[in-house]
Amino acid sequence: MQVTSDRFSENARRAIADQGLQQALSQAAGRFDVHRTAAFEAFPEGDGLRDLAREIKDRTIGHLDRHLLRLSESIEKAGGEVHWAADAAEARRIIVGLTERYGARRVVKSKSMTTEEIGLNEALEEAGAETVETDLGEYIIQLAGEAPFHIIAPALHKTREEVTELFMEKLGSPRLERREDLMLEARGRLRDIFRRADLGISGVNFAVADTGTVVVVENEGNARLTTSLPRVHVAVMGMEKVIPDLESLAVFLKILARSATGQSMSSYVSLLSGPRGDGEEDGPEAFHLVVLDNGRSRLLADPELREVLNCIRCGACLNVCPVYRRAGGHSYGWVYSGPIGAVINPSLVGRDRAAQLPFASSLCGACRDVCPVRIDLPRMLLAQRRKIVAETRRPGGRSERLALKLFADTMNSETRYRWAGRALYRLSRLFGGRDGWWRPPLLSGWTRLRDFPAPARETFRDRWRKRKG
Ligand code: SF4
C-alpha cells in the first residue's frame, strides 16, 4: 500500500467537502462512542480493569524478548512453526513462501490490520494466489480497491447505496436494496470460497506466551472458518500482541469489545493452539505464526514512545477524536488512522513521510480518556512533533521557528512588549479592527472559521497610567 500520509491536509480538505462522507462519519463514530460509554457505565469494575490491563501491558512490553521466546517455545511444543519477520518485505516473503510450500492457490483472509500494514494481498496476488477477504467490511473495500477507513470498521464510510452499486459492478449481482440482502449475497459467495480455500490467514488479537494460544476476536464467524476449514492456518501478529497468560487474557477480553463496539463480549472468541491433534476432528493440518517487527523495535527502544506498543487496536480513540471525525480514515494515508495512527505512522513509515500527522490534533485529550489501556496519546503526539521539527526540514518549519523566536524576544523585554502592544493596535485598525474583529490576510486560514477579537484601542499599561493620573 502506498504511503501518502504527508498529504493529510489536502486529503482532509477533500473529505470535509464531501457531505455524504461527513454524515456517515459522524453517525458511525458517534454511535460507537455512545455504545462504548453505555457499556462502561453498566460495568463498574471497568475502570479498575483498565488500570490492571495497563499494568499487564507495561510489564509485558518491559520484557518483550522473554515473552516472545516463551510464546515461540509453546507454539513449537504444540506442533506449530514460528517465523520472525524484521520488516514488511520479509513477512511477505515468508507468507508467499508458505503458499508455495503447500501448493496453495486459493487463500482466504480474516480481518487483520497487520496484513494490511505489510501489503500482503498484493504480494499474494502477484505470486498467483487468489486471495479473498472474508470479513464483510474488508470484502467490500477489497472489491472497491481501497484501504481500511477505520481500525475495526473498514468500510464505515460506504453507504448502503454505494455497496449496492459495487456488488452490481464487481460481482454482477442484481440491484439489492436491503442491507440483509447484501449480507446474504456476500455470505453466499464467501461460503463457496471457504470450501475451496487451501490456506487461511488471520490476524491475532492476543498471543498467550504460557500456552501458545493465538486469540482471534470477531463478530461474523468468518475468522473461525478461515482458521479451521483450510488445510493450513497462517496467523500474522505484530510482536507487541504477546501477553503472559490466560489470566491476563480474561482482563483484556472484558475491556476490548466494550471499548470497540460497546458489546460486553464479541460474538466469537477463538482460542487456537497449534494444528489439529491426533483424534481431533477440526482444525488445520499445519499452523504457522509470523511475528512482525517492522519498526516496533524502534518504538520499544524509545522511552518517549514505547507506551504506544500497549495498544490493543480497539479503535475507541478514533471515535472520539474531533479530527478523525471530520477528516476520516483515508486522510491519514496509511492503514492506521486517528490519534493512534498519528503517533505510530511516523515511526513505522518514517517521520519524513508522515510529518503532518502528529500536528493534525487539537490535543484535547479525549483519546487518552477513552483508551482502555490508558495510553497517553497527547503526550506522544507532542513527542513526535518535537522529533519531526528536530529531524526534518518541514515546509513552514523555518518561518514557525522565526515567529516563535520573535515572540520570545518580545515577551522578554519590557520595551519591546510595550512597543508590540501599540503596533498591534495600529495594525488592527488597518485590518478591519473597527467592528471589534480582526481579519489580517496573513491569518486568513485561521479567521475564515474563527473569530479573532481585535486588540483593545488602548493598551492596559496606557489605561493604567491615565487612571493613576
Ligand atoms: S490507542 Fe487506546 S483507544 Fe486507541 S486503538 Fe489503541 S487501545 Fe484503542
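Predicted model: local features only at pLDDT ≥ 70, side-chain atom pairs only at ≥ 80, totals over all residues.
The chain has 469 residues, and 41% of them count as buried. By secondary structure, I have 22 helices and 10 strands. Along the principal axes, the C-alpha atoms fill a box of roughly 100 × 55 × 45 Å. On contacts: taking those between residues at least 6 apart in sequence, 74% join residues at least 24 apart.

Next, the domains. Domain 1 is made of 1–42 + 317–395, domain 2 of 61–164 + 193–296, and domain 3 of 400–468. Between the C-alpha centres of domain 2 and domain 3 there are 57 Å.

Now the helix pair. Helix α9 covers residues 160–171 and helix α10 covers residues 179–196; their axes come within 10 Å and cross at roughly 35 degrees. The crossing of α9 past α10 is left-handed. Which residues meet there? From α9 they are Arg160, Val163, Thr164, Phe167 and Leu171, and from α10 they are Arg179, Leu182, Glu185 and Arg189. Sorted by class, that contact has 4 nonpolar, 1 polar and 4 charged residues. If you look at the spacing in the numbering, recall that an α-helix has 3.6 residues a turn, so residues three or four places apart point the same way.

On to the sheet. Four strands make an open sheet with mixed pairing, in the order β8-β5-β6-β9. At the edges sit β8, residues 242–243, and β9, residues 268–272, each pairing on one side only. Strand β6, residues 213–218, runs antiparallel to β9, and 5 bridges join the two.

How many of the 9 residues of helix α22 are buried? The count is 0, so to speak of cover, α22 (residues 460–468) is hardly covered. Just after α22 comes Gly469, which takes a positive phi of about 85 degrees.

That is the tour; I will take questions.

How values were computed:
Residues numbered from 1 in each chain as written. Axes fitted to C-alpha atoms, helices over the stretch in contact; angles between N-to-C directions. Left-handed = near helix turned anticlockwise from the far one by under 90°. Contact = placed C-beta atoms within 7 Å. Nonpolar A, V, L, I, M, F, W, Y, C, P; charged D, E, K, R; others polar. Buried ≥ 20, exposed ≤ 12 C-beta atoms within 10 Å, placed from the backbone. Domains from an automatic or database assignment. Pairing = 2+ DSSP bridges.
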